[in-house]
Amino acid sequence: MKKVNIAYWIFTILLVLMMGFSAVMSFKRTPESDQMMAHIGIAPALMPFLAVLKLLGIAALLTPGLKTLKEWAYAGFTFDVLGAMYLFIAAGDPVKAWAPIVIALVLIFGSYIFWRKKTA
């Protein structure tokens, strides 16, 4: 059980750091970020909203208990990352640009799987 707990926290801390960095960067409007959003077809004004949702998801993951809310946070992170992947594919970006997306998916699924094992 100790190995499961350690694995859970490794995946979860890395996930929280990645989503936290993404949220902070979404609050900062720069010409580069606006250009990237235009490239994938998202209005830059949507980014602060997504950033707030990411911060709420982080809070849900780090708060003890809240089983249903944690499920929603994992689902929300998955939808966010898969949506980003779809938009980058639709924009014609090369496969090598998907590395952060694949890492995020691995962290989401790893954290979720070990959370389920930990709470079983």
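These legends walk through a predicted model, view by view.

View 1. The protein has five helices and zero strands, in the order α-α-α-α-α along the sequence. Helices (H or I, at least four residues) and strands (E, at least two) are DSSP runs, numbered from the N terminus. The C-alpha trace spans about 45 × 25 × 20 Å along its principal axes.

View 2. The largest nonpolar core counts 24 residues, and Leu15, Met19, Tyr74, Phe77, Val81 and Ile108 have the most contacts inside it. Two or more core residues come from each of helix H1 (2-27), helix H2 (31-40), helix H3 (47-62), helix H4 (67-90) and helix H5 (99-119). Such a core is a set of buried Ala, Val, Leu, Ile, Met, Phe, Trp, Tyr and Cys residues joined through side-chain atoms within 4.5 Å.

**View 3. Zoom in on Met19.** Setting aside neighbours within four places in sequence, Met19 is in contact (heavy atoms within 4.5 Å) with Lys54, Ile58, Phe77, Asp80, Val81 and Ile108.

**View 4. Now look at the charges.** There are 11 positive side chains (Lys and Arg) and 5 negative ones (Asp and Glu), with His and the chain ends not counted. The centres of the two sets lie 17 Å apart, taking each charge at NZ of Lys, CZ of Arg, CG of Asp or CD of Glu.

**Notes.** Residues are numbered from 1 along each chain as its sequence is written, and side-chain values use heavy atoms, leaving out hydrogens and water. Local features need pLDDT of at least 70 and side-chain atom pairs count only at pLDDT 80 or more, while totals for chains, interfaces and linings use all residues.

Methods
Buried means under 20% relative accessible area, exposed over 50%, partly exposed in between (1.4 Å probe, protein chains only).
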